[in-house]
Amino acid sequence: MANMMADSPTPELKQRLAHPPTKVQSKFVRVLRAYPLVFVGGLMVLALIFVAVFAGKLATFNPDFQFANGLAPDGAPLAPNHTFIMGTDDLGRDVYSRLLYGARVSLEVGVFASLISLFIGTTLGILSGYYGGFLDSIIMRITDIMLAFPFILFVVALVAVLTPSISNIFIAIGVLGWAVMARIVRAEVMKVKEFEYVQAARALGSRQWRILFRIILPNIMAPVIVLTTLAIGSNMLLESTLSYLGIGVQPPTPSWGSMLSEGQQVFEYAPWLLYYPGMALMLAVLGFNLLGDGLRELFNPRRVR
Amino acid sequence: MSEPLLQVRGLKKYFPIRKGVLRRVAGQVRAVDGVSFEVAAGETLGLVGESGCGKSTAGRSILRLIEPSAGQILFNGRDIRKLRAGQMRLMRREMQIVFQDPYASLNPRYTVRQILEEPMIIHGLFHSAAERKKRAAELLETVGLSASRMDRYPHEFSGGQRQRIGIARALAVDPKLIIADEPVSALDVSVQSQVLNLFADLQKQLNLSYVFIAHDLSVVKHISNRIGVMYLGQIVELGSSDQLYEKPLHPYTQALLSAVPVPDPEVRRERIILQGDLPSPANPPKGCHFHPRCKDVMDICRTQAPEWKEVEPGRFAACHLYD
C-alpha cells in the first residue's frame, strides 16, 4: 500500500488533480444561496400572481356587491370583523374581495405596460446604438421629447382620448414609457459593440442579425431585465395614480389605486381603507424590485461562482 | 516566386473630423496614408510603429472591419474591396484576426465550446453537433489547452489561455492568413514567449501567413521574416528582419532600434533620442512626415515627400538619404 502511494501519480490522476471535478450545482440554486432576498422577492411576485389568477376562488364575496349589512347604522364603513375580514368600504362592499380582484388589474397593467415599453424601447435603442448617425439623432430627439414631457399629463391625455379601460391604460403607459428603456439599451449597445468579440464576429462573417441578436442582445440583457422588473413596479404605481385621479379603471371594477382614492375621503374614521391597498401595493412593488436585483445576478455569468 | 497571398497597394483610411451642429467635415485624420506591402504564403510580415501610427487601423482595414478609403487589397489576386457582402462573408474564411485584448475579444456569455463552434455554424462547416464538438476539442488541443474545459466560460481562464482560445477561434475556419493585432502586448512576458512559440508552431503545421502587428521590436524580430516600420500612417522602411536589425536604413528605424535594450551591461550603445512629439495625423508635416524629428534632416525633406523605392534588393525605404 505504502509502495503504491509512493508511485508517481498516473497521467489520469494528474489530470484530475489539475482540474478537480467541481460539484455541479445549477446556477439557479447558486443564485438563491448567494442572494436570498431574490427568493423573498420571487415568492412575493408568485403570491401576487397566485392571488390575481385565483381571485375568484379566494374571494369571500362578490367584490362589487353592496351589502345591506355592510354599513353601520349611521352609514359608516364597518371595521374588520368576522364576516368582512378587512372591513367594508363606504358603499358596504367587502374590502378583502376587492383587494384580491384589484391584484388582477395591477398585475395586468404593470406587466403588459412594461412589456410594451420593453419591446419598443429595446428595438429603438438597438437600432439607435448600433447604426448611429442620422437614425440615432432622430430616435434620440424623439426620446428627449418623451422624457421632457410631464409623463402623467401625457398618459392622462392619451387615456382620455382612448377612453379609460384596463387595456387602454396599459397601452397608454407602455407606448409612452419606452424612452428610458431606449436610452439605456442604446448606451449598452454602444458600449458592447466596441468590444472586440463583436469585431471578431464580423471578422468571422456573421450576418448583421446574428451580431445584433445573438451577440449584442444577450450582452445587454442584464440591465434590460432589471429595468423591466423595476418598470413593472412603477407601472403598477402609475396605474393606481391614474385610478386615483379617476381616469384609470372605471367603477365598480376594483383596483388598488381606485380603492385608495375612494378610501382617502373617509380615512379619518375608516383608516383600513387605506392600509390594505397601500400595503398590497407596497409589497407588490417591493417584490418586483427584489426579483429584478436577483435576475441581474442570474444573467451575469461572472458574479456567481 | 509565385504570386503573393496578400498584396496591399496604396491602402488609405481617412477618418473625417466633424464639427458643429451640421456635422460638416472639417478635416481628416489620415490614420493610414498609402501603405503597400505583400505577404507570401507561409510568411510572416511584422508591422511595427509607435502607438497611433496606424498599424492596427491598417490591419483592420485589410479585413474590411474598417472600410478602407482607398487602395487595393488583393487576396489570391482578387480585390476584396470589390466583393459584395455575400462574397465577402465567404472570403472571411480565408483571413482571420487575433486581437490584442484577450479579455474583450471573447464573448463573456458563450462557453469556450460555443465560441469555437460559432464560426463553424456561420459557415456551415459541419452538419452535426457531434462533429462540431469534436472539431472544437481538436482546436483546443491544437492551441495547447485541455478539451475537458471547453464547457467553461472565458472568465474562468487566464489571459494567456484566453489568447489561445482567441487563436483557436481564428483557426476554426481554416484560414490562410491571420492578422495578429498586438496579440501578446497584453500578456505577461513569460506568457508572451509561449504564445509567440504557439504562433510559430501553428505556422509550420498549417502553413499560415501572418501579418503580425506589434510595438515591441524584440517580439516582432523573433517571429517575422520581413518587417515594415510604420510612421504616421505610412511605411517608412521594409526589409527582411535580419537586414533591418543589422543595418537600419531609415533614421526613424535607427532611432527605434537604438531604444531596444541590450542584455549586456558592458555594451554601450549610442541612443538616438527622438525630439518632439508625434505630430497629429490630422495635420502631418509637409514634405517627409518625419522631418521635424529626424537627426539627418536636409532641406529637401521639408518640402518634398520622399519616394518609396527599393534601396537594396528586397529592401525598401522612403528617405531622401538614399536618393
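**Notebook: helices, strands and the A/B contact**

I began with helix 3 (residues 112-122) and helix 5 (residues 159-171) of chain B, which pack at an angle of about 25° with their axes 8 Å apart. For such values, axes are lines fitted to C-alpha atoms, for helices over the stretch in contact, and angles run from 0 to 180 degrees between N-to-C directions. That angle makes helix 3 of chain B roughly parallel to helix 5 of chain B; angles under 35 degrees count as roughly parallel, over 145 as roughly antiparallel, 65 to 115 as roughly perpendicular and the rest as oblique. Helices (H or I, at least four residues) and strands (E, at least two) are DSSP runs, numbered from the N terminus.

A note on the source: this is a predicted model, where local features need pLDDT of at least 70 and side-chain atom pairs count only at pLDDT 80 or more, while totals for chains, interfaces and linings use all residues. Residues are numbered from 1 along each chain as its sequence is written, and chains are lettered from A and ligands numbered from 1 in the order in which they are written.

I looked up who meets whom: B:Val112, B:Ile115, B:Leu116 and B:Pro119 of helix 3 of chain B touch B:Ile165, B:Ala168 and B:Arg169 of helix 5 of chain B. Contact here requires C-beta atoms, placed from the backbone, within 7 Å. I noted 6 nonpolar, no polar and 1 charged residues in this contact. In these classes, Ala, Val, Leu, Ile, Met, Phe, Trp, Tyr, Cys and Pro are nonpolar, Asp, Glu, Lys and Arg charged, and the others, Gly among them, polar.

**Strand 8 of chain B**

I found 6 of the 6 residues of strand 8 (residues 209-214) of chain B buried, so this strand is largely enclosed by the rest of the structure. A residue is buried if 20 or more other C-beta atoms lie within 10 Å of its own, exposed if 12 or fewer, and partly exposed in between, with C-beta atoms placed from the backbone. One side of the strand carries B:Ser209, B:Val211 and B:Ile213, and the other B:Tyr210, B:Phe212 and B:Ala214.

Next I checked its neighbours; two strands pair if DSSP finds at least two bridges between them. Strand 3 (residues 44-48) of chain B pairs with strand 8 of chain B in the parallel sense over 5 bridges, with B:Leu47 partnered by B:Ile213. Strand 7 (residues 177-181) of chain B also runs parallel to strand 8 of chain B, joined by 5 bridges, and B:Ala180 stands opposite B:Phe212.

**Strand 4 of chain B**

I then followed strand 4 (residues 70-75) of chain B, which is antiparallel to strand 1 (residues 6-19) of chain B over 5 bridges; B:Val8 has B:Ile73 as its bridge partner. Strand 4 and strand 5 of chain B make a hairpin with 2 residues between them, and B:Asn76 in the turn has a positive phi of about 55°.

**Chain A and the interface**

Chain A gave me 14 helices and 0 strands, and 41% of its 305 residues count as buried. I saw helix 10 (residues 179-193) and helix 12 (residues 208-245) of chain A pack at about 150°, axes 9 Å apart, and the two are therefore roughly antiparallel.

Which chain B element gives the largest share of the side that touches chain A? I counted 24 residues of chain B in contact with 16 residues of chain A; the largest share of the chain B side, 3 residues, comes from helix 3 of chain B. That side divides into 11 nonpolar, 6 polar and 7 charged residues.

Terms used. Two residues are in contact if their C-beta atoms, placed from the backbone, lie within 7 Å.
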